[in-house]
Amino acid sequence: NLSTTTWSSGGCWRDVTIDNKQVLTLTDTTHPYYFRTLNFQGNFAKFTISGVLAKQQVTVFVEKLGNDNLNGNSFYNPDYAPNMLVIKYIGTSPLKLNGTADINCQLIAPKVDVTLNGNFNFYGGILAKSIDMIGTATINYDEGLGAATPVVTGLNFTLRKASQRYR
């Protein structure tokens with residue numbers, strides 16, 4: 001289990017648990033971070049990035065993410081633009097982004113179904129097998145990711161309250 005710490009070098013880790021009210025900060029934009037399991041203990045455990053300059057990214061590969069749920073009042077990457085953090089989910093279990101939480105990142109999970117539930121606010125982009133939104137969950141696309149995404153079909157949406165962030 002981790003207390004507040006910064007990892008300045010990418011690498012491979014087996015099972016990592018971030019304790020409640022603690023922060024894991026990732027700073028390496030050259031070498032990716034690999035986690036077999038990344039768990040968040042309690043409502044306020046979080047991970048973030050630091051020292052990332054424009055046009056740089058921290059890349060995280062993870063096979064299992066907190067019981068396949070991101071729950072509670074956790075905030076992931078609250079201080080940097082979503083295009084600066086890439087989470088590549090390489091697991092096979094569906095992901096549920098749930099509760100009163102925010103995340104700023106690019107989530108790449110092409111083999112799984114992703115569900116956004118509750119008051120979850122996603123800032124960035126999601127590439128998944130499917131995306132299901134329940135409750136008042138929102139997805140806010142980061143233009144910094146560009147337009148290099150596949151054409152989406154069968155989607156109904158409503159544009160509400162257009163705003164800009166990270167400019």
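## Around Phe 40

Let's start with Phe 40: leaving aside residues up to four places away in sequence, it touches Ile 18, Ala 45, Lys 46, Phe 47, Leu 65, Leu 70 and Tyr 76. Keep in mind that this is a predicted model.

## The nonpolar core

Phe 40 also shows up in the largest nonpolar core, a set of 40 residues. Phe 40 is among the residues with the most contacts inside that core, a group that also takes in Phe 35, Leu 38, Phe 47, Leu 107, Val 114 and Phe 122. As for which strand gives the most to this core, that's β11 (residues 102–116), which puts in seven residues.

Phe 47, one of the contacts of Phe 40, brings us to a parallel open sheet of three strands, ordered β1-β3-β5. At the edges sit β1 (5–7) and β5 (46–49), each pairing on one side only. From one strand to the next, the twist averages 25°.

Strand β3 (residues 23–26) runs parallel to β5, and four bridges join the two.

## One salt bridge

The salt-bridge count comes to one. The side chains involved belong to Arg 36 and Asp 15, with an N to O distance of 2.6 Å. Arg 36 lies in strand β4 (residues 33–40) and Asp 15 in strand β2 (residues 11–18), so the pair ties together parts that are 21 residues apart in sequence.

Definitions and conventions: Residues are numbered from 1 along each chain as its sequence is written. This is a predicted model: local features need pLDDT of at least 70, side-chain atom pairs count only at pLDDT 80 or more; totals for chains, interfaces and linings use all residues. Side-chain values use heavy atoms; hydrogens and water are left out. Two strands pair if DSSP finds at least two bridges between them. Axes are lines fitted to C-alpha atoms, for helices over the stretch in contact, and angles run from 0 to 180 degrees between N-to-C directions. A nonpolar core is a set of buried Ala, Val, Leu, Ile, Met, Phe, Trp, Tyr and Cys residues joined through side-chain atoms within 4.5 Å. Buried means under 20% relative accessible area, exposed over 50%, partly exposed in between (1.4 Å probe, protein chains only). Contact means heavy atoms within 4.5 Å. A salt bridge is a side-chain nitrogen of Lys or Arg within 4 Å of a carboxyl oxygen of Asp or Glu.
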